[in-house]
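Hi,

Here is the structure I said I'd pass on.

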Amino acid sequence: MNETQTDNPKILLVEDEENLARGLEYNLSEEGYKVSLAKDGREAIKLFDENEFDLIVLDIMLPYFNGFEIAKHIRNKHPQMPILMLTARTQIEDKVKGLEIGADDYLTKPFHLKELLLRIKGMLKRKHWYQKVVIENPIYKFGNNEINFENLKCNNGKKEFQLTSYEAMIIKYLIENKDKVVTRKELLENVWNMNPEVETRTVDNFIVRLRKYFEDDPSNPKFIVSVRSAGYIFQS
Amino acid sequence: MIRRRHSFAYNLIIFVLAQLVWLAVLLLWIYWYVKNNIIFEQVGENISPQIVYDTPSVFPFVGGIVLLVGLSFSLVLIFRHLNIQMKLTALYDNFIANVTHELKSPLSSIQLYLETLNSRDVPEEKRKEFYGVMMRDAERLKNLINSILEIAVMDKKKFNKELEVYKVDETIKKIVLESAEQFQLNENIIKFSGDAGCDVLLDRNSIKTVFDNLVDNSIKYSVLPLEIEIKFRCNSKKAEIEFSDNGIGIPHEEIKKIFQKFHRIYDKDIPNVKGTGLGLYVVKEIIKNHKGKIFAFSEGKGKGSRFKIELPIYIEKKKFLKGNKKGFKNE
């Protein structure tokens, strides 16, 4: 995950608070990103449909369509598009809802400029890494499972389903490091770009979800195995 | 929203069931009483027809029914009260969420610009622009905090403002233009007509809040290029100020509710979803405290809104009679 990202990534910034939007636009442009600004949900969807972007910074409370609706629209069209939700709402339900719909990260207002820029950088880096490894090997099979890392469609032998971009990145990371122990810290740092001391539970929750998808008996996993007080290991 | 609806339905079902239980008890009771009475009469006649059968006292029976009806009635009252409380709590929760949002937005903006200025080499011109933005955001925060504090005072029914005498048209015109400047509106957007050279007693700061809120609403609830029209008129008793815009208007069923505390109109077509639900409540209370009245009109959705404010005219004689020491202020 150390490859440099492509020049001038394009960011769609969806924020209806004009002052905040302008300040963000200035800072992102200064960082070398190409920024398109949408002031409401309609504009955001229009811009997204008509242009190519590398990342979306998305507010939740917006006119016409809220951030959740926009995230859904984006996910349907582009399952891997990194979405960073930016919002004044701090309720845990909002965070859960955002992440369930498929936001990759979540920052609450007021936020620190440095943290925002770091997260955006991390998300773009991960996207680049992911795209690179996917081009090399888009379809991966293990047991009865088949994952298409391009469109994130999966088949576990019983049904077809869709992974979120984070789920895909975690399983991809585990597969890349097959038969090696991957620590929670490593996952948090490389997939989430988060401070590992804060939220190791996040990793466990995602692992539980992945096991439900891919294991015949999630309580007795064969592929994604826990290594006591170390982390996880992928075996097939 | 969903949770609220669910708990309302839940309460309603429990309430209806409780009422049905009471009714069933009552019917059983009547049935039991009538049946026993008939048997008692028959048995009594068979055993000893000579005994003059005295009808048992109906007092406990009627009394019981009255008590039951009373109980049932009080249950209805408690149920109604509970529902009102629940609605208020829901509105209040909503209000807290909205206020949090309204407080955090300008704060985030100020923090962002400060951090930008601190960490980047910002050109002088941009620097000035950023200071301007921060000052406007600080002003926004101040206004919001003031209106929340004002609500607290209003709720205690205290109004200890600095009332002074002003000429209606001149003063209101100045106040509205100040609001326009604050919201960065072009002066041409606002048209004034009519004249009202009569005097009224005003607390200038409160009246400024009134027009700030009205202008803010017009900006928020408009899709077309904004036009605001203000008409003045005086008659022998009152001064009339009519404030109208070309915004999206107010749906008929909402007109009565818009002045209620925390009430907000939710509509997919309304382009701006921000607000606390306090604006028009504050407006109404301020006007009320000036012994005036405010009415809202709208031809319906998409046809603009019109607010008519009536303020009692101040006659100098009164000042003299009441020994009011407040001075005459002419702007």
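First, some housekeeping. Residues are numbered from 1 along each chain as its sequence is written, and chains are lettered from A and ligands numbered from 1 in the order in which they are written. This is a predicted model, with local features needing pLDDT of at least 70 and side-chain atom pairs counting only at pLDDT 80 or more, while totals for chains, interfaces and linings use all residues.

Chain A

The average pLDDT (the predictor's confidence in each residue, from 0 to 100) is 84 for chain A, and 92% of the residues score at least 70. Watch residues 1-5 of chain A, where pLDDT stays under 50. The model has ten contacts beyond four places in sequence for that stretch; a contact means C-beta atoms, placed from the backbone, within 7 Å. Where pLDDT is low, the predicted coordinates should not be read in detail.

Chain A has eight helices and twelve strands (DSSP runs numbered from the N terminus: H or I of at least four residues for helices, E of at least two for strands). Of its 236 residues, 36% are buried, i.e. have 20 or more other C-beta atoms within 10 Å of their own, with C-beta atoms placed from the backbone; 12 or fewer would be exposed, and in between is partly exposed. For contacts with a separation of 6 or more, 54% are between residues 24 or more positions apart.

There is also an open antiparallel sheet of four strands in chain A, in the order β6-β7-β8-β9 (strands pair if DSSP finds at least two bridges between them). Its edges are β6 (139-142) and β9 (160-162) of chain A, each pairing on one side only. Three bridges link strand β8 (residues 153-155) of chain A with β9(A), and C154(A) has F161(A) as its bridge partner there.

Where the chains meet

On the chain B side, 20 residues are in contact with 18 residues of chain A. The elements giving two or more residues to that side are α2 (59-119) and α3 (124-155) of chain B, and α2(B) has the largest share, with 13 residues.

Chain B

Strand β4 (residues 228-234) of chain B has two partners to look at. Strand β2 (residues 190-193) of chain B runs parallel to β4(B), with four bridges, and I190(B) sits opposite I228(B). Strand β5 (residues 238-245) of chain B is antiparallel to β4(B), with seven bridges; R233(B) is partnered there by E240(B). Three residues lie between β4(B) and β5(B) in the hairpin they form.

Helix α4 (residues 168-182) of chain B has buried residues including I172(B), I175(B) and V176(B). Among the elements covering them are β2, β4 and β5 of chain B. Just after α4(B), Q184(B) has a positive phi of about 55 degrees.

Finally, V283(B) is in helix α6 (residues 279-289) of chain B. Why does V283(B) count as buried? Because V283(B) has 25 C-beta neighbours inside 10 Å. Leaving out residues up to four places away in sequence, V283(B) touches V210(B), N213(B), L214(B) and I294(B).

Cheers

Notes: Contact = placed C-beta atoms within 7 Å.
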